[in-house]
Amino acid sequence: MTVHERFGFRKVINARGPATILGAAKVPDDIRKDIYDILGESAEIWELQRRASERIVELTGAEAGCVVNCTSAGMAIATAAVLTGNNPAKIKALPDITWPKKKIIIQKGHVTGAGDCPVWQVIKMTGAEYVEIGEALDCATFHLRAALDDTVAAAFYIMEDTFAPNLLPLETFVSICKEKGVPVICDAAYLTDFKMLAKAGVDMAIYSGQKWLGGCTSGIIAGRKDLVQACYLQEMGIGRPMKAGKECMISIMSSIDYWINRDVDGIKKNQLQLANTIINEIGDIDGVMCEIKESLYSPSVRLHIYIDDTITKIPAWVINDDMGKLDPVIKTDDYYVNNGLIIFDMAYIDEGEDKIIADVLNSYLTGTRKPLARQKEIGSVPQTRQDILYQIFNQWLEGNPRE
Ligand SMILES: *Cc1c(COP(=O)(O)O)cnc(C)c1O
């Protein structure tokens, strides 16, 4: 009996990747085995943290590393660390800050979600004074220079591929902050180049342990030794309700070993084959365009499918929405679905699932499968991502909120 049968939930065909809302990574056997072993043991947490730090240094090239419970927790803890340093009285004082160095600055255009909560929420929960600079689509060097004074504890930089092109590039941002002696904290939850941020001079970078690294719920703060030390000290303060357990440290260490030793070419070749199953079945349909793309934010093969609904008569969002009702449910990277683009990340697609996806897409696009989508209730207007998310979170006890 599978866990799905025993506990009664649908299997997910995951073409999205390690999204937190889909349970994050599909953890490989080797990593699961190590987590299983530690769960039956006791260990001194500081000792696990110290060994994890050595592995994190190897992965990132930073001076030291600390394991946290997840990326958003890491963002709050790194913020707390720049506010308090290693001063225990200050650590115990948060979120009340009685000293002047308490501003955290960020480009307005970087204010995305730390997951599904806004970035400012995890910063402000420390008591920090939160300051946005620039405009939604623009931030100039003069905005940054004008904001950096003695009251700034750190500057935040978010690594994502969805930002406007006229925000400050990382190199410029870091070099101006360095001029003014202000540390840079970087949210790099989805980044797969683990070495570039230490090299770029970022003071603390936060990576996810349960996204591409492939472990259980966990995160990494990698950076300057004094700051990383101050991160761990937050266990005595606001870090306590977001603590990382022994399984997190083992997971991070085991995941790093796994990441460093994985067969990148073999994995990509396999994924390319799975993507081709889909391309072969729907690539020739009128109004459909398939393209394989690489990304700094995924180590895998990503199949972009553009759907021109003036030709197909069925919009991408309706197909995507409907796939959320199937059993097994099919989940995609649907960030751009209202623009007609569905992205299939092949990282977690098992053999056989490629054919299921291909058949399902084909049946919608050729009209042999009729969608049950929300389209019926609300006409042909797509909803925003967060409206859909709210609906799910608000109605989860009532059955399938998409129906
Ligand atoms: C996923 C993500 C987060 C949040 O990660 P959690 O581990 O769910 O807290 C923060 N920032 C970015 C850029 C992310 O992609």
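Which side chains meet in a salt bridge with aspartate 203? The side chain of arginine 224 does, at 3.1 Å from N to O. Here a salt bridge means a side-chain nitrogen of Lys or Arg within 4 Å of a carboxyl oxygen of Asp or Glu.

The model is predicted, so local features need a pLDDT of at least 70 and side-chain atom pairs count only at pLDDT 80 or more, while totals for chains, interfaces and linings use all residues. Residues are numbered from 1 along each chain as its sequence is written, and side-chain values use heavy atoms, with hydrogens and water left out.

## The sheet

Let's begin with the strands. Helices (H or I, at least four residues) and strands (E, at least two) are DSSP runs, numbered from the N terminus. Two strands count as paired if DSSP finds at least two bridges between them.

Seven strands make up an open sheet with mixed pairing, and their order is β2-β10-β9-β8-β7-β3-β6. At the edges are β2 (64-68) and β6 (129-133), each of which pairs on one side only. On average, neighbouring strands of this sheet are turned by 25° against each other, direction ignored. For such angles, axes are lines fitted to C-alpha atoms (for helices, over the stretch in contact), and values run from 0 to 180 degrees between N-to-C directions.

| Strands | Sense | Bridges |
|---|---|---|
| β3 and β6 | parallel | five |
| β8 and β9 | parallel | three |
| β9 and β10 | antiparallel | five |
| β2 and β10 | antiparallel | five |

You can follow these pairings residue by residue. Glutamine 107 has isoleucine 133 in β6 as its bridge partner. Aspartate 187 is partnered by isoleucine 206 in β9. Alanine 205 has alanine 222 in β10 as its partner, and tyrosine 207 stands opposite isoleucine 220 in β10. For valine 68, the bridge partner in β10 is glycine 219.

How many residues of β9 are buried? Five of the five are, so β9 is largely enclosed by the rest of the structure. Buried means under 20% relative accessible area, exposed means over 50%, and partly exposed lies in between (1.4 Å probe, protein chains only).

In a regular strand the side chains alternate between the two faces of the sheet. In β9, Met204, Ile206 and Ser208 point one way, Ala205 and Tyr207 point the other way, and all are buried.

Strand β10 is also largely enclosed by the rest of the structure, because five of its five residues are buried. Both of its faces are covered: Gly219, Ile221 and Gly223 are on one side, Ile220 and Ala222 are on the other, and all are buried.

## Helices on the sheet

Which strands does helix α3 (residues 45-60) lie across? Helix α3 lies across β2, β9 (204-208) and β10 (219-223), and runs at about 115° to β2. Helix α8 (residues 170-179) packs on the sheet as well, touching β3, β7 (152-158) and β8 (184-187), and its direction makes about 175° with that of β7. Contact here means heavy atoms within 4.5 Å.

## Salt bridges

Side chains of opposite charge can pair when their charged atoms come close. A search of the whole structure finds 17 salt bridges.

Now back to our opening pair, aspartate 203 and arginine 224, whose side chains meet in a salt bridge. Aspartate 203 lies in the loop between α9 (196-199) and β9, and arginine 224 in the loop between β10 and α10 (225-233), so the pair ties together parts that are 21 residues apart in sequence. Aspartate 203 is buried, with a relative accessible area of 7%, whereas arginine 224 is partly exposed at 29%.

Arginine 224 also meets the side chain of aspartate 226 in a salt bridge (2.8 Å, N to O). Aspartate 226 is partly exposed, with a relative accessible area of 43%. A network of salt bridges links Lys178, Asp203, Arg224 and Asp226.

Another salt bridge joins the side chains of arginine 32 and aspartate 29 (2.8 Å, N to O). Both residues lie in helix α2 (residues 29-39), three residues apart, about one turn of the helix. Arginine 32 counts as partly exposed at 47% relative accessibility, while aspartate 29 is exposed at 53%.
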